[in-house]
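Look at the protein below and find where its parts meet.

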Amino acid sequence: MRPPAEPLTIAIVGGSIGGLTAACLLADSGHDVTVYERSSTELEQRGAGIGFLEATYRYLVERAAMALSEISITTDHIRYLGRDGSVIHDAEHRYLFSSWNTVYRQLLDHWTFSLTGSGGGVDRYRLGHEMVGFEQGPDSVDVHFADRESVTADLLVCADGVGSTARSILQPDAQSAYAGYVAWRGMVQEAGLPADVVGTLSDAITYYVHANSHILVYPIPGLDGSVAEGDRLINFVWYRNYAEGQELDDLLTDCNGVHRELSVPPGAAADHHVSELRAHAAARLPSLLNEVVARTAEPFLQVVYDVEVERMVFGRVCLLGDAAFAVRPHAAAGSAKAADDGWALDRALGRIPVEGLSVPEALASWEVDRLALGRSLLARNRDLGSRSQFTNTWEPGDPDLIFGLHAPGH
Ligand SMILES: Cc1cc2nc3c(=O)[nH]c(=O)nc-3n(C[C@H](O)[C@H](O)[C@H](O)COP(=O)(O)OP(=O)(O)OC[C@H]3O[C@@H](n4cnc5c(N)ncnc54)[C@H](O)[C@@H]3O)c2cc1C
């Protein structure tokens, strides 16, 4: 860890995986960091699964001394099923899977308990702080919150996700396009599934590809983070096309009649959509995968978008993670990109004392390869999504389909 010549006061807006990873790294480097999170309670995404790439776990393993086996599950096969449930493709390939909850909880605990007195701590994770605007002067940035509180910082990092307020202020014309499909998701505890289903699904990522759609299923830690057999969850992600306009609007209108923009959380999807999902699963999926969908108590959904920015740096304000580029999930790299942006930011700020750079100069140096990574990941995922959802050219065994941040398998 290298203390900077002069610690910077850094405000981070958004306290999820991107914001927290950056916060921990920048505090380790001696900066004065505070995280401002819109939610008034600690975040909870009910444990949805993530493919666990190195950048996502790097901080927890290298700096928080966690073992991968404590926070993830390893699978050894990529398997494709046919309509009758028979295995039509099986390749040995190691993947790690975790859950958003597990990663968030570990990062927040490290920030709250291990970094107390070294830059972190509960009072530096400020819940109920919705950033609504900011103004930059030559030497600082004033950040304004919905409750009228304002703070002054040397640097504002906006990690406020796919619906970023910062992006809408800085680049109102940024491209944000509905991909044409949503991800229906859900989890079932292993103990709640028949033993033969668990036996078949627990050592692999299992795909079923059918017309203009695909579903993937993999094991993840339990809601409490447990990786013990039986406690773990079997997680599904089923990509399904919905036409923009009335069809999508109806899907996004929840059981209380409230229209949602980005996702419909567990328990909120309208009954007729959940019934249609279950009927479709029974009619179209191999029975093994239908078991998982049918036994999921509260399926939920996330809309798939392509979000692209021209710039990530605006003086002493930057966009990080999904706030800059939000990519389709097929490379399982969204949280890895958000975390990797934080590692690169810490390196760039380390150049300030060494090379005598200003904050905007250090940020400008950071932006160059971040834009390149965002653009290439967006293009790769767009292509993968198109193969499965529109052109029906998703071929089992194609090396392009391997997860990875920088390239398939990397
Ligand atoms: C279906 C699906 C599957 C996925 N699978 C994977 C996978 O397998 N592997 C993977 O790595 N990634 C995956 N992702 C992507 C991953 O979830 C995101 O890329 C990742 O969560 C982005 O992290 P982030 O910190 O940038 O933003 P987010 O996690 O979106 O966090 C943004 C935070 O900012 C807060 N916020 C928003 N606005 C404000 C404001 N104005 N003021 C203050 N706070 C604010 C929000 O409350 C939130 O806490 C998947 C995504 C989807 C949709």
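In this predicted model, 19 residues of domain 1 are in contact with 27 residues of domain 2, where contact means that the C-beta atoms of two residues, placed from the backbone, lie within 7 Å. On the domain 1 side, E3, helix H4 (100-114) and helix H12 (359-391) each supply at least two of the touching residues. H12 gives the most, with three residues. By class, this side of domain 1 has seven nonpolar, nine polar and three charged residues. Here Ala, Val, Leu, Ile, Met, Phe, Trp, Tyr, Cys and Pro count as nonpolar, Asp, Glu, Lys and Arg as charged, and the others, Gly among them, as polar.

The domain assignment places 9-63 + 102-175 + 306-401 in domain 1 and 73-96 + 182-304 in domain 2; such bounds come from an automatic or database domain assignment. The C-alpha centres of domain 1 and domain 2 lie 27 Å apart. Residues are numbered from 1 along each chain as its sequence is written. Because the model is predicted, local features need pLDDT of at least 70 and side-chain atom pairs count only at pLDDT 80 or more, while totals for chains, interfaces and linings use all residues.

The shell holds 37 residues, and the closest are Gly-14, Gly-18, Gly-161, Gly-321 and Gly-334; a residue is near the ligand if its C-beta atom, placed from the backbone, lies within 6 Å of it. Helix H1 (17-28), strand E3 (49-51) and helix H10 (334-349) are the elements that give two or more residues to this shell. The largest share, four residues, comes from H10. Sorted by class, the shell has 17 nonpolar, 15 polar and five charged residues.

In total the secondary structure comes to 12 helices and 18 strands. Helices (H or I, at least four residues) and strands (E, at least two) are DSSP runs, numbered from the N terminus. Nine strands make an open sheet with mixed pairing, in the order E3-E5-E4-E12-E13-E14-E11-E16-E15; two strands pair if DSSP finds at least two bridges between them. E3 and strand E15 (263-264) are the edge strands, each pairing on one side only. Within the sheet, strand E12 (residues 204-210) and strand E13 (residues 213-220) pair in the antiparallel sense over five bridges, and Tyr-207 stands opposite Leu-216 in E13.

Another antiparallel pair is strand E8 (residues 141-145) with strand E9 (residues 150-153), joined over four bridges. Val-141 stands opposite Ala-153 in E9. E8 and E9 form a hairpin with four residues between them, and Arg-148 in the turn has a positive phi of about 80°.

Tyr-242 lies in the loop between strand E14 (233-241) and helix H7 (246-251). Leaving aside residues up to four places away in sequence, Tyr-242 touches Tyr-181, Val-182, Glu-247, Leu-248 and Leu-251.

Of the 410 residues of the protein, 46% count as buried. The C-alpha atoms fill a box of roughly 65 × 45 × 35 Å, taken along the principal axes.

Note on methods. Buried ≥ 20, exposed ≤ 12 C-beta atoms within 10 Å, placed from the backbone.
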